[in-house]
Amino acid sequence: MEDVLDRLCATVPDYPKPGITFKDLTPVFADPEGFRTIVDAIIAPFLGRFDLVAGIEARGFLLAAAAAYAAGTGVLTVRKAGKLPRTTFTEEYALEYGTAALEVHTTDIPQGARVLVLDDVLATGGTVGAAVRLVNRSGGTVVGVGVVLELDGLGGRAALAGQEIHSLQCVGA
């Protein structure tokens, strides 16, 4: 797995600001073999244990749709605030400077549904943590969290204490 990600993932220095090295997964998504490999690997530990795959806006949508199709389950979009047309649950999370919020429709998760939460990157755990709280508030049960890249040293795992987390590659922040 690390070989596929090392080969296909683009590294962009000083983005979005100086001192940050951004890992761009879009070349991985564009490669048919690479994309299939990461989707299969990210859901493997959870197969048979989930009814829905929740993808966090925006790259998490790509992973969740492909994972749900591969597993024969439904997909749920976890959107940025203000993007959904019906009644929503909202969860705020901290950013470096301020807060942001994620939302799901109040009726999109059947009571007791087992949900796998997917995103591209786990950094501080704020975004993924908000998605986990939304699933729980909606009456679902989070069976696990899958991410392609985990940024080491930013506390994401600690922020998601109690969750089963599967990351395909751990990289320096």
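Student: Which residues line the second largest pocket?

Tutor: In this predicted model, the second largest pocket holds about 170 Å³ of space. Both α3 and α4 supply at least two residues of its lining. The residues that line the second largest pocket are Pro-32, Phe-35, Arg-36, Val-39, Asp-40, Ala-66, Tyr-69 and Ala-70.

Student: Which element gives the most to the lining of the second largest pocket?

Tutor: The lining of this pocket divides into six nonpolar, no polar and two charged residues. With five residues, the element that gives the most to the lining is α3.

Student: How many residues of the lining of the largest pocket are charged?

Tutor: The largest pocket contains about 1200 Å³ of space. Of its 34 lining residues, those closest to the centre are Arg-59, Val-121, Ala-123, Thr-127 and Leu-151. The lining divides into 19 nonpolar residues and seven polar ones, and the number of charged residues is eight.

Student: Which element provides the largest share of the lining of the largest pocket?

Tutor: Two or more lining residues come from each of β2 (21–24), β5 (88–95), β7, α5 (126–137), β8 and β9. The largest share is four residues, and the element that provides it is β7.

Student: Is Glu-57 buried or exposed?

Tutor: Glu-57 lies in the loop between β3 (52–56) and α4. Its relative accessible area is 17%. A residue under 20% counts as buried, and therefore Glu-57 is buried.

Student: Which residue has a side chain joined to that of Glu-57 by a polar contact?

Tutor: Leaving aside neighbours within four places in sequence, Glu-57 is in contact with Val-78, Arg-79, Lys-80 and Lys-83. At Lys-80, the side chain of Glu-57 reaches the backbone nitrogen, at 2.8 Å. The polar contact between side chains, also of 2.8 Å, joins Glu-57 to Arg-79.

Student: Which residues touch the most other members of the largest nonpolar core?

Tutor: In soluble globular proteins, nonpolar side chains tend to be buried together. Here the largest nonpolar core has 25 residues. The residues that touch the most other members are Leu-5, Leu-25, Ile-38 and Val-148.

Student: Which residues does Ile-38 touch, not counting residues up to four places away in sequence?

Tutor: Ile-38 is one of the 25 residues in the largest nonpolar core. Apart from residues up to four places away in sequence, Ile-38 touches Met-1, Leu-5, Val-28, Phe-29, Leu-63, Val-148 and Leu-168.

Technical notes:
Residues numbered from 1 in each chain as written. Predicted model: local features only at pLDDT ≥ 70, side-chain atom pairs only at ≥ 80, totals over all residues. Heavy atoms only, no water. Core = buried A, V, L, I, M, F, W, Y, C linked by side-chain atoms within 4.5 Å. Buried < 20%, exposed > 50% of the residue type's maximum accessible area, 1.4 Å probe, protein only. Contact = heavy atoms within 4.5 Å. Polar contact = N/O pair within 3.5 Å; in protein donor to acceptor, adjacent residues only side chain to side chain. 1 Å grid on protein atoms, 1.4 Å probe; cavity = no way out; pocket = protein on both sides within 12 Å on 5 of 7 lines; lining within 4 Å. Points joined across faces, edges and corners; volume = space filled by probe spheres on them. Nonpolar A, V, L, I, M, F, W, Y, C, P; charged D, E, K, R; others polar.
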